[in-house]
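Trainee: I would like to learn how to read a ligand site and some strand pairs. Please show me the model.

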Amino acid sequence: MYDIIIVGGGPAGLTAAIYARRANLNTLVLESTACGGQIIITPDIENYPAAMHISGLDFASRLESQANELGAKIEFEEVTSIKDDGATKIVYTDNNEYTTKTVVIATGTTARKLRLEGEDNLVGHGISYCATCDGSFYRGRTVAVNGGGNTALDDALFLSNIVEKVYLIHRRDQFRGDAEIVEKVRAKENIELVLNTQVTKLIHDDKRLTGIEITDNDGIKKELNVGCLFIAIGRIPATEAFANTITMLDGGFIDGEYCHTNIPGIFVAGDCRNKEVRQLVTATSDGAVAVHEALKYLER
Ligand code: NAP
């Protein structure tokens, strides 16, 4: 029987593990792939207090070491569901089941898809959701980025230093991302802004993407010859596994003041929680709050 099981090894989950171990809780972190979450694809973190210019990968690896050194156990298994038996919760993974007194759901989000024909099959063959992971494969070529948030802007900037040309395609004429990053993007000669425009078709042969069809808001279609389309149109919560246990909002975010869910003893932290500001600093903050609330629950 664990005191606390944390589902997800991103910044929220690992911070929860650090706080849980410092409170001497018997702690298990269950992570489906690799620790770090979304932050590992950020080349340079510039807005985390007192950690100027650290890569997301370094940040995540330090966080994992800190949780490990404090004695958190980390297992790499995908959680498929949680059963609430009152004082005991059962956490099911693809090949195990664990009992615990409390759970923190910190599963973050996954990339939103365009849902175009061929999108899934072309991942790794001209479709990517991670510019920092895949950008170097397109050195010297022409690529496109789709989206108007900070991720798309950061991706366009990052790629502009590697590839010959970047089309940045956004469905409106105003960017959602920060003005400072928009300025940097506008200053880059090899980034062409394609505004009021959507990607409407992936052009491909049986192996890989050869181009994209774009359509502007007047319905005018055009084809762009690009080696890769980097899709950065936001993220959706990775909370499907808990749909039968926890009440969620439409779209899958979990609503929870002070990181509580509607089930006593099950808490939520990080980007999968319904909130306005999804940043590294709010993810780590949630991890601490969730454990603080879990401790109050355990004392009761
Ligand atoms: P986001 O801010 O939600 O932006 C998503 C963008 O994709 C929006 O511009 C949206 O257009 C567009 N979009 C959504 N669905 C679309 C569709 N079906 N087709 C075409 N376009 C679509 O997502 P994000 O950029 O991944 O950022 C997520 C959070 O992380 C934000 O809070 C962001 O500030 C933060 N972040 C921060 C940094 C940084 O501080 N450097 C870096 C990365 C991310 P509309 O604008 O028209 O809705």
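Trainee: Which helix gives the largest share of the shell around the ligand?

Mentor: Helices (H or I, at least four residues) and strands (E, at least two) are DSSP runs, numbered from the N terminus. Here helix H4, residues 150-160, supplies the largest share of the shell, three residues. This is a predicted model: local features need pLDDT of at least 70, side-chain atom pairs count only at pLDDT 80 or more, and totals for chains, interfaces and linings use all residues. Residues are numbered from 1 along each chain as its sequence is written, and side-chain values use heavy atoms, with hydrogens and water left out.

Trainee: How many residues surround the ligand?

Mentor: A residue is near a molecule if one of its heavy atoms lies within 4 Å of it. The count here is 18, and the closest are Asn150, Thr151, Arg171, Arg172 and Arg176.

Trainee: How do the shell residues divide into nonpolar, polar and charged?

Mentor: Ala, Val, Leu, Ile, Met, Phe, Trp, Tyr, Cys and Pro count as nonpolar; Asp, Glu, Lys and Arg as charged; the others, Gly among them, as polar. This shell has nine polar, six charged and three nonpolar residues. Domain bounds come from an automatic or database domain assignment. Domain 1 (2-110 + 236-299) and domain 2 (113-231) each give the shell at least three residues.

Trainee: Which polar atoms lie by the ligand's oxygen and nitrogen atoms?

Mentor: A polar contact is a pair of N or O atoms within 3.5 Å. A ligand oxygen sits 2.9 Å from a side-chain N or O atom of Asn150. A ligand oxygen is also 3.1 Å from a polar backbone atom of Gly148. For Asp154, a side-chain N or O atom is 3.2 Å from a ligand nitrogen. Taken alone, the ligand exposes 920 Å², and the protein buries 76% of that (Shrake-Rupley method, 1.4 Å probe).

Trainee: Now the strands. How many bridges join S4 and S5?

Mentor: Two strands pair if DSSP finds at least two bridges between them. S4 (residues 79-85) and S5 (residues 88-93) pair antiparallel over six bridges. Asp85 has Thr88 in S5 as its bridge partner. Two residues separate the strands in this hairpin, and Gly86 takes a positive phi near 70°.

Trainee: Where does S5 go next?

Mentor: A hairpin of three residues joins S5 to S6. S6 covers residues 97-105 and runs antiparallel to S5, with four bridges. Val91 stands opposite Tyr98 in S6.

Trainee: What lies between S13 and S14?

Mentor: Four residues, in a hairpin whose turn holds Gly219, with a positive phi of about 90°. S13 (residues 209-216) and S14 (residues 221-224) run antiparallel, joined by four bridges. Ile214 stands opposite Lys222 in S14.

Terms used. Polar contact = N/O pair within 3.5 Å; in protein donor to acceptor, adjacent residues only side chain to side chain.
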